[in-house]
Amino acid sequence: MSTKRKVWVSRPLFPDVLAHLAEYVDLEAETVEGTRTPAQLKAKLADVDGAILGLSERVDAGVLEGNTRLKVIANLGVGFNNFDVEAMTAAGVLASNTPDVLNESVADYAWALMLAAARRVSASERWLRAGHWPGSATRFDDWLGVDVHGKTLGILGMGRIGQAIARRASGFDMRVLYHNRSHLPEQTERECRASWVEKAQLLRESDHLILVLPFTPANRHAIGAPELAQMKPSAVLVNIARGGIVDDAALAVALREKRLAAAGLDVFEGEPSVHPTLLDLDNVVLSPHIASASEDTRHAMARLAADNVLAALGLGESARHPPTALNPEVMANWSD
Ligand code: 8YV
């Protein structure tokens, strides 16, 4: 019988990362994407020392109940609203996420959505692909979007990703406003060329508003009908944070009624389902939660998740020092 620790990876992961894990542990890695019921997840976790999970897997007290073997679960994402960290701590399970390695790629993608939504990239491409161009020259006054350069960029949630988004704005000669619970240090504000404003002012003055908030119960529907009503009808809204931060039904109505020019959405309430009205509208660019999906960044996220698992199990280069643990204090109570 193997004396190696057992690790389960709940979704297909890069072969090099799996090979690295397999040097140290007895590895069971899923080869197809799939969702599991809480009971199935509970049964899987009962049988392993460590696991790497994705955002669609919710870890709470129920899933961990009676589990005396599990030591660590690494999340493949910086956001960890799928983890009840308190329950994990109570169960003696170390939790980790993947901060920082994705900041720049997610910031790039926020810009991609903002530019695509503002300049109607997706809608015009759909029109072209549908064969409408030949025989109907584009009119001079067709396909008019809104400019990005020289406008006011608003950022709601100014953590490390928000700051990376802000830094890109100087090349576009934009004014940058942000709202956050706390002000950034002056030095960081200077580097980002960003000024703190109240949320109401941010909503009123932003030509482009990018949401980068973590999902917490307090942030649910941080942008709903009342907030949308305060925005300029020419504004563009971008959500790369989490589904549920925007009231998608209210957004769909605002976009349909042209009370908002356009939106770029990478995350959705109840994803992978998308509000049907959003699917029908031409003034919204939609993508399937891929803001961090560059080759380099997804690799870095997977490696970081693997490093956390190995380290928590006392293996690999940083044994016992998981690099991005959310509750490192649990390790003090481990007997092995
Ligand atoms: C996802 C994300 O992890 O890091 C996060 O919080 O939302 C993304 O990077 C990734 O898209 C896999 O679902």
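A nonpolar core is a set of buried Ala, Val, Leu, Ile, Met, Phe, Trp, Tyr and Cys residues joined through side-chain atoms within 4.5 Å. Buried means under 20% relative accessible area, exposed means over 50%, and partly exposed lies in between, with a 1.4 Å probe and protein chains only. The model is predicted, so local features need pLDDT of at least 70 and side-chain atom pairs count only at pLDDT 80 or more, while totals for chains, interfaces and linings use all residues. Residues are numbered from 1 along each chain as its sequence is written, and side-chain values use heavy atoms, with hydrogens and water left out.

The largest nonpolar core has 35 residues, and those with the most contacts inside it are Trp111, Leu153, Ile155, Met158, Ile165, Ile210 and Ile240. Two or more residues each are given to this core by H5, strand S6 (152-156), H7, strand S7 (175-179) and strand S10 (236-239). Helices (H or I, at least four residues) and strands (E, at least two) are DSSP runs, numbered from the N terminus. H5 supplies the largest share of the core, 10 residues. A second, separate core of 29 residues includes Met231, Ala241, Ile245 and Phe268. In soluble globular proteins, nonpolar side chains tend to be buried together.

Leu153 shows what surrounds one of the residues listed for the largest core. Leaving aside neighbours within four places in sequence, leucine 153 is in contact (heavy atoms within 4.5 Å) with Trp111, Met114, Ile165, Ala169, Met174, Arg175, Val176, Leu177, Ser206, His208 and Ile210.

The axes of H5 (residues 103-118) and H7 (residues 160-168) come within 8 Å and cross at roughly 55°. Axes are lines fitted to C-alpha atoms, for helices over the stretch in contact, and angles run from 0 to 180 degrees between N-to-C directions. Angles under 35 degrees count as roughly parallel, over 145 as roughly antiparallel, 65 to 115 as roughly perpendicular and the rest as oblique. H5 and H7 are therefore oblique to each other. The crossing is right-handed, which means that the near helix is turned clockwise from the far one by less than a right angle. On the H5 side the contact involves Asn103, Glu104, Val106, Ala107, Asp108, Ala110 and Trp111, and these meet Arg160, Ile161, Ala164, Ile165, Arg167 and Arg168 in H7. By class, this contact has seven nonpolar, one polar and five charged residues. Ala, Val, Leu, Ile, Met, Phe, Trp, Tyr, Cys and Pro count as nonpolar, Asp, Glu, Lys and Arg as charged, and the others, Gly among them, as polar.

Another helix pair is H1 (residues 15-24) and H13 (residues 295-312), whose axes come within 10 Å and cross at roughly 10°. That makes H1 roughly parallel to H13. Asp16, Val17, His20, Leu21 and Tyr24 in H1 meet His299, Ala302, Arg303, Ala306, Asp307 and Leu310 in H13. The classes here are six nonpolar, two polar and three charged residues.

Isoleucine 52 sits in strand S3 (residues 50-53) and counts as buried, at 0% relative accessibility. Glutamate 65 is 13 residues from isoleucine 52 in sequence and 18 Å away in space, C-alpha to C-alpha.

Several loop residues remain. Aspartate 100, in the loop between strand S5 (94-96) and H5, has a phi near 70°, a positive value in a residue other than glycine. Aspartate 100 is partly exposed, with a relative accessible area of 39%. Tryptophan 143 lies in the loop between helix H6 (121-129) and S6; its phi is positive, about 55°, although it is not a glycine. At 23% relative accessibility, tryptophan 143 counts as partly exposed.

Asparagine 180 is in the loop between S7 and helix H8 (186-192) and, at 17% relative accessibility, counts as buried. Not counting residues up to four places away in sequence, asparagine 180 touches Gly157, Met158 and Trp196. Finally, a cis peptide bond joins glutamate 271 and proline 272, with omega about 15°. Proline 272 is in the loop between strand S11 (262-265) and helix H12 (276-280).
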